[in-house]
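Here is a short briefing for a first look. Keep the sequence and the model open while you read.

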Amino acid sequence: MKYLIKKLCTLIITLFILSLLAFSAFSIIGDPAASMLGTNATPEQVAQLRHELGFDRPLLVQYGDWLSGFLRGDMGTSYSYSLPVSGMVLEKLPTTFVLTLMALALNVAAAIPLGIAAARYAGGLFDRVVTVLNQVIMSIPPFFTGILLTCLFGLVFRLFTPGAFVSYAENPWGFLGYLFFPALSIAAPRTAMTVKLLRSSILEQLGQDYIRTAYSRGSSRTMALWGHALRNALIPVITFTAVSVAEMVAGSIVVEQVFSVPGIGRLLLASISSRDFPVVQAIVVILALWVAAVNLLADVLYQYADPRIRLS
Amino acid sequence: MRTRTLALFLSAAVMSTALCGCGGQGTAGTGSDGANTSQTGGEPPANELTVGIAQDLGDSLDPFTMTAAGTREILFNVYEGLYKPDASGDFIPALAEDCAISEDALTYTFTLRDGVQFHNGTAMDAEDVVYSFNTCAATSVDSSLSAALADLVSADVVDERTVAVTLAAPNSDFLAYVSSVYVVPDDYDGQTTAPVGTGPFRFVSRSVQENVILERFDRYWGEAAKVDKVTCKIYEDGNALMTALNGGAVDLVCHLTTSQVQGLGEQYQVLEGTMNLVQALYLNNAAAPFDDVRVRQALCYAVDVDAVLDLTADGHGTKLGSSMYPAFTKYFDDSLTDLYPHDPEKARALLAEAGYPDGFSMTITVPSNYTPHVDTALVLAEQLAAVGIQAQVVEVEWNTWLTDVYQGRNFETTVVGFDAANLTANALLQRWTSGAGKNMISFQSSEYDALLEQANAITDDGDRTSLFRQAERVLAEEAANVYIQDLADMVVINKSLTGFQFYPLYVLDLSQIAWTA
């Protein structure tokens with residue numbers, strides 16, 4: 001309980017600082033009044049709109065205004081779309097959520113068996129092939145993997161039509177199908193890192209005293225690996241996977257552009273370029289909450305994986 | 001021991017999620033097949049139309065505060081004024097049946113059409129019309145329109161079907177402004193997100209960054225639209241738009257470049273029009289060295305517009321010589337396009353005369369989201385280098401361009417295109433009068449100001465036209481800007497569709513488009 005309160009306090013402070021930083025960034029790059037009026041307006045009209053929207057007030061006052069609204073559950077209204085921000089963000093959130101979840105599933109599904117196999121047959125041909133592939137995949141950033149996958153599977157093999165995104169409400173299977181390649185490009189580099197980590201972590205555990213004891217009790221290498229080493233070896237992997245999930249959200253922001261998936265990332269970038277700060281603020285806070293929640297979950301998971309760890 | 005079991009259970013759970021992930025993988029094939037079949041749309045599954053648009057309707061949908069050309073273009077089908085422009089640029093009665101103009105040209109009496117309904121079901125009456133005039137005057141973001149309406153003495157309800165509008169001074173363009181005053185119900189306040197007008201299509205929904213859906217309005221007063229439903233799909237990424245075209249996912253896309261329309265599937269045909277904008281290298285007339293007319297003229301001679309067209313658009317596009325594009329047939333003066341033939345020698349001589357025998361360096365600021373302008377700027381930089389001017393192309397974000405270049409006038413030169421908000425010569429020319437807030441280039445010419453003032457003070461159409469044409473000539477002779485072109489507007493349309501029309505304005509009329517049997 002004490003642990004939770006402590007975590008929560010850190011989270012609130014983080015969110016506060018983060019949102020203030022995001023807010024002040026806009027004071028540097030300017031407000032949206034000019035683009036809201038376009039090229040047929042006079043500077044007087046722009047100045048008037050700026051005044052109406054309160055952009056001529058001190059930054060801290062504007063921030064205080066936003067904060068008090070946010071605390072009351074009012075995320076404000078988008079400057080560009082005149083729609084409530086909460087509705088706009090909630091509409092896009094599931095897409096990014098599913099995309100990240102899919103990437104996580106691919107990551108875990110591929111990394112754990114491959115890591116175990118590479119450790120089990122360490123030094124063998126399979127291990128060497130995996131290690132080389134890992135090095136290659138790890139060094140390619142997700143957006144580039146995305147471009148490669150689009151060229152290869154979209155334009156050469158025609159397994160999917162780039163740009164033909166369908167929303168989940170329209171066609172759930174088409175939606176999941178379309179997200180597969182974006183998820184793959186987000187997952188690939190993190191998966192390679194996870195495999196590498198799991199392999200070395202298992203090998204380290206296999207060299208420990210308790211494994212020698214297990215052998216002396218008559219365990220085979222396979223039994224020692226599955227029965228004893230694996231669980232201990234997974235602890236750093238869980239931590240790493242939590243970090244990966246946070247990374248994947250960042251990756252999805254970029255990859256959504258490559259595959260034109262209309263998720264949070266596309267909305268975020270469009271809002272930044274149109275200076276639509278209520279939307280940007282809301283997304284920044286949601287992404288921060290997401291990362292914090294994943295980290296919390298990882299902390300809880302360790303406790304189960306290793307009873308010696310106590311949250312305090 | 002209990003935690004142990006739980007841990008095992010958890011790792012089992014992780015594994016099973018992983019396996020589900022694999023399941024997802026397996027069905028991915030079917031998923032994308034589904035996507036493919038849904039877009040083999042050579043023929044319409046229903047009487048519906050899918051239009052690909054390159055930008056979201058990302059601003060207010062309110063008829064008076066919408067800003068983006070792309071938004072006005074689509075909502076042209078939703079809103080109407082008392083008069084509306086047709087494809088030849090004439091104003092035809094829309095919500096008004098008739099208009100009587102008094103002898104002194106100060107009072108316009110509009111007889112409203114009977115039985116006009118708004119999309120929300122209420123009937124249009126004179127109160128709505130007066131409300132719309134007043135709201136437009138108060139809130140319009142088009143400063144020339146709000147200036148024109150500021151001259152209104154009053155807009156009054158005469159009876160349920162008659163509205164009298166009184167002007168302070170005669171205004172020959174008044175009907176053009178009337179066509180921009182969209183009539184909206186006086187008791188509805190949701191226009192910014194859910195527009196309600198009287199047009200042939202009614203707004204159904206929009207999904208941010210995905211689509212905008214319109215449906216035929218069955219109780220339309222005039223000839224009903226031909227298709228039942230129009231889905232405007234948003235492809236903000238040029239490549240995604242091209243892929244959608246190649247896959248046959250859209251039936252109609254406007255504003256493509258010549259290179260984009262090459263090698264498309266045979267279900268499409270390509271139509272060519274013009275974008276209806278004045279693309280130029282706009283020069284900051286207040287900043288040295290562009291405050292010297294010889295330098296500006298030297299730039300005009302240094303630029304080879306034909307080469308620009310060839311390099312950026314395979315020769316498509318219409319050369320311009322002043323701030324007027326050819327769709328304004330009455331005002332467009334073709335002879336100005338050849339005022340400055342390509343002549344690097346002369347350019348160098350003029351530069352030497354102005355005190356820059358070795359040229360100078362300058363920056364061309366371009367909004368990075370407009371590829372045609374960026375391309376033109378790059379070609380111009382090459383051409384200027386030939387006369388010793390080192391031009392550096394700086395790409396900036398649209399918002400930055402608006403704030404620094406357009407509003408702040410803090411620039412040397414820039415390549416953009418200005419369009420006309422309505423079908424009046426003033427929409428393009430008023431901008432460059434000395435005191436105008438929109439005079440981004442700070443062009444100062446008392447001769448020009450006088451010509452426009454004179455033109456706007458008289459009502460004789462022939463005289464006005466000749467005054468506007470003289471004003472255009474002043475812009476050209478003073479070399480206010482290096483005028484380039486009205487860009488080619490390539491439209492890709494499904495061969496089974498008919499009824500597409502080019503307008504002299506930036507609008508897309510969906511009401512006449514129909515599938516042939």
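Is Ser132(B) buried or exposed? Ser132(B) is buried, at 0% relative accessibility; buried means under 20% relative accessible area, exposed over 50% and partly exposed in between, with a 1.4 Å probe and protein chains only. This is a predicted model, in which local features need pLDDT of at least 70, side-chain atom pairs count only at pLDDT 80 or more, and totals for chains, interfaces and linings use all residues. Residues are numbered from 1 along each chain as its sequence is written, chains are lettered from A and ligands numbered from 1 in the order in which they are written, and side-chain values use heavy atoms, without hydrogens and water.

**Around Ser132(B)**
- Ser132(B) sits in helix H3 (residues 126-139) of chain B.
- A polar atom of the Ser132(B) side chain lies 2.8 Å from the backbone oxygen of Asp128(B).
- Not counting residues up to four places away in sequence, Ser132(B) touches Phe64(B), Val181(B), Tyr182(B), Val183(B) and Val184(B); contact means heavy atoms within 4.5 Å.

**Nonpolar cores**
- The largest nonpolar core has 106 residues; such a core is a set of buried Ala, Val, Leu, Ile, Met, Phe, Trp, Tyr and Cys residues joined through side-chain atoms within 4.5 Å.
- Leu82(B), Phe133(B), Val165(B), Leu252(B) and Leu510(B) have the most contacts inside this core.
- Leaving aside neighbours within four places in sequence, Phe133(B) contacts residues including Leu82(B), Leu149(B), Val165(B) and Phe174(B).
- A second, separate core has 35 residues, among them Phe290(B) and Leu351(B).

**A helix pair in chain A**
- Helix H10 (residues 221-258) of chain A packs against helix H12 (residues 277-305) of chain A at about 170°, with axes 10 Å apart.
- H10(A) is therefore roughly antiparallel to H12(A), a term for angles over 145 degrees.
- Residues of H10(A) in this contact include Arg231(A), Ile235(A) and Val249(A), and those of H12(A) include Trp290(A), Asn295(A) and Tyr302(A).
- The residues of the H10(A) and H12(A) contact divide into 16 nonpolar, two polar and one charged.

**Backbone exceptions**
- Most residues other than glycine have a negative phi, and most peptide bonds are trans.
- Arg275(A) has a positive phi of about 60°. Arg275(A) lies in the loop between helix H11 (264-273) and H12 of chain A, and is buried at 2%.
- His255(B), in strand S11 (residues 252-256) of chain B, has a positive phi of about 55°. His255(B) is partly exposed, at 24%.
- The peptide bond from Ala288(B) to Pro289(B) is cis.

Methods: Axes are lines fitted to C-alpha atoms, for helices over the stretch in contact, and angles run from 0 to 180 degrees between N-to-C directions. Helices (H or I, at least four residues) and strands (E, at least two) are DSSP runs, numbered from the N terminus. Angles under 35 degrees count as roughly parallel, over 145 as roughly antiparallel, 65 to 115 as roughly perpendicular and the rest as oblique. Ala, Val, Leu, Ile, Met, Phe, Trp, Tyr, Cys and Pro count as nonpolar, Asp, Glu, Lys and Arg as charged, and the others, Gly among them, as polar. A polar contact is a pair of N or O atoms within 3.5 Å; within protein, one must be able to donate a hydrogen and the other to accept it, and residues adjacent in sequence count only if both atoms are side-chain atoms.
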